Amino acid sequence: MEKIYSMPCLYGACFYYKKNSACAYVDEKGKTHLVSCKNKISVIPNNIVFLRGLEYVIFGLYFFIKNLVKIPFVYTEKSVTKMISQNLNVGTKQVLTVIVVLIACLISLLLIGFLPVKLAVVISGYSSNNFVNKLLVAIIKVAILFIFLLIIKCFVPFKQFYRFNACSNILVDEDKKNIYRPTNYLNFLIFSFTFIFIVVSLIGLTGNAIWKPIVNLLISVISFSVCYEILLLMENSKLKWVNKLSIVTSFLVTEKPTKTEEYIALSALNEVIFMQDKKRGVVDTEDFKNNEVSFSGIYAESKEKLKNAGIVDASEIDWLICEVLNIGRGQIRLQTKISIDDKKKIENAVQRRIKGEPITKIFGHANFYGYDFKVTKDVLSPRMETEILVENVLKYATDKMNILDLCTGSGAIAISIAKNVKANIFGVDISEKALLVAEENAKLNDVKVNFKWSNLFENLKTSKKFDIIVSNPPYIPTKDIEKLDVEVKDYDPKLALDGGDDGLDFYRRIIKESPKYLSKNGMLFLEIGYGEKKDILDLLKQDFENVKVIKDYNKIDRVVIAKIKDKKEKKNVRTNSKNKAKI
């Protein structure tokens, strides 16, 4: 098969195969979309040794801008790019191109142009050894680049951007394991710039105002070509340790993805491959004699049915196929024919999905934080945004801590934490049926979690203290439940959804009662619903401090973290309040 290329895409993944491209992305409401098209040119049109590295840079930038324009919420009416394009009467793509180039130039001038030279002079003290000065400048340039990339990697939008970047690496990699693929476009850029900084600093022309930029530019052009060939050799090497050498730079633009993100990326990969299949939808009569049918035809037909039913999540057909055929995400593109029985199973699953039944309930299990969980009508299907809650708990959790998961449901949160730290994990729920599911999930994932029936804290002893209390409680206002999607309101238990008249009933109880059960310096982690941030922060004021709010992938306030106030401090605050009242 001809090489498949992946290109950066905000909140999604984009693949190019020959002249076909497909991009799957998550919008601001958390819905997945798939955009595909034919291109006039390939990512690397000529594929000539050394020339292809330069082509990769130029056309890669072109496709990156093109990917940005594909995503609707990047250029909504309120976006900067849309306003500029309307005022100047130019295309959004042109505006985005100029913005990207200007930002790149600004960073280059400030961080990589003036600053390294000044720092080198300060450190070396005007060393008489010219080579030492040049080497120092090169090291400082690379250090500044790495520090800058490490800083922006801390921000949530970039984390998801890099997780999708890793998805493309896994899916294109033959072993389906390597998240650090040498020729990944972002890694290629960082690797090349690192190489260029060193080479230009050491051998680049200095002093001549006319020839200096020309010679340095020429060195940069050659460096891009050389770097691509080096990375290509790494990628094609039969030695696994050589493949992984690119981690030196690729760790800066790579994050371990979730299974959900992998499936979203997979939908784009499968789409771009099936676009190339000229026989899509054509069924060979000979196949029926052998109890087989064309897989590409079933795939296209099922996808079209879901689309016509208003199910636009691009990854759903791949989830269905993987579940029915019991295959991994990367094996879908290898299917050519399937049995008549499997065809009927796929059609049945598609029909159930069209009626609104979620995939997790159709097959009775869901993937969460990389682990598999049984789900039934008695528990809420775990969702991708809740992984952020677990991710933040694990930043603070340590071995031997006591951790309590309130409203545990399927046990997804408690079990995911238990898989990563050797803490004492407890989970409580008011639903006995949910607890049975949670206990089964603990066995399936081979972890020990102490599950107990309780209406929040009612059946817990106040003598038992917890270092961390975490909860994803019901937070949908009662009046809004009927407005939810069919797959939620008809298939998830209302007990796990209904948060009272304003959606805050459980938060009031948890925030009020948790101080009795938290140890000194204990922490509270809560997943919250849309628009509930202000009310919950007000509820936390009396007994909690150091409050942090974490946004999800779509910039919606999703997780609240708070630390219990010191008892002495709380006592002083109350005393001062009484004194003020007397005055």
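1. A cavity is defined on a 1 Å grid over the protein atoms alone, as a set of points where a 1.4 Å probe fits but cannot get out. Grid points are joined across faces, edges and corners, and a volume is the space filled by probe spheres set on the points. By this rule, the structure has one cavity of 30 Å³ or more, and the largest cavity holds about 50 Å³ of space.

2. The structure is a predicted model, in which local features need pLDDT of at least 70 and side-chain atom pairs count only at pLDDT 80 or more, while totals for chains, interfaces and linings use all residues. Residues are numbered from 1 along each chain as its sequence is written, and side-chain values use heavy atoms, with hydrogens and water left out.

3. The largest cavity is lined by S6, M7, P8, C9, G12, A13, F161, F164, N165 and S168; a lining residue has an atom within 4 Å of a point. The elements giving two or more residues to this lining are β1, β2 (12–17) and α5 (156–172). Helices (H or I, at least four residues) and strands (E, at least two) are DSSP runs, numbered from the N terminus. Helix α5 provides the largest share, four residues. By class, the lining has six nonpolar, four polar and no charged residues. Here Ala, Val, Leu, Ile, Met, Phe, Trp, Tyr, Cys and Pro count as nonpolar, Asp, Glu, Lys and Arg as charged, and the others, Gly among them, as polar.

4. Strand β1 also belongs to an open sheet of four strands, ordered β1-β2-β3-β4 with antiparallel pairing. Two strands pair if DSSP finds at least two bridges between them. At the edges are β1 (4–7) and β4 (32–38), each of which pairs on one side only. From one strand to the next, the twist averages 20°. Strand β3 (residues 20–26) is joined to β4 by seven bridges, and the two run antiparallel. N20 has K38 of β4 as its bridge partner.

5. A further open sheet has seven strands in the order β11-β10-β9-β12-β13-β15-β14, with mixed pairing. Its edge strands, β11 (450–453) and β14 (544–551), each have a single partner strand, so one side of each is left without a neighbour in the sheet. The twist in this sheet averages 15° from one strand to the next. Four bridges connect β10 (residues 424–429) with β11, and these strands run parallel; G427 has F451 of β11 as its bridge partner. Helix α21 (residues 533–540) packs on the sheet and touches β13 (518–527), β14 and β15 (557–564), its direction making about 160° with that of β14. Contact means heavy atoms within 4.5 Å.

6. Helices α12 (residues 295–308) and α14 (residues 340–354) pack at an angle of about 10°, with axes 10 Å apart. Axes are lines fitted to C-alpha atoms, for helices over the stretch in contact, and angles run from 0 to 180 degrees between N-to-C directions. The two helices α12 and α14 are therefore roughly parallel to each other. Their contact involves I298, E301, S302, K305 and L306 of α12, together with K343, I346, E347, V350, R353 and I354 of α14. This contact has five nonpolar, one polar and five charged residues.

7. Helices α10 (residues 259–275) and α13 (residues 316–325) pack at about 100°, with their axes 8 Å apart, and are therefore roughly perpendicular to each other. Angles under 35 degrees count as roughly parallel, over 145 as roughly antiparallel, 65 to 115 as roughly perpendicular and the rest as oblique. T260, Y263, L266, S267 and N270 of α10 meet D318, W319 and C322 of α13.

Terms used: On a 1 Å grid over the protein atoms alone, a cavity is a set of points where a 1.4 Å probe fits but cannot get out, and a pocket is an open set with protein on both sides within 12 Å along at least five of seven lines; lining residues have an atom within 4 Å of a point.
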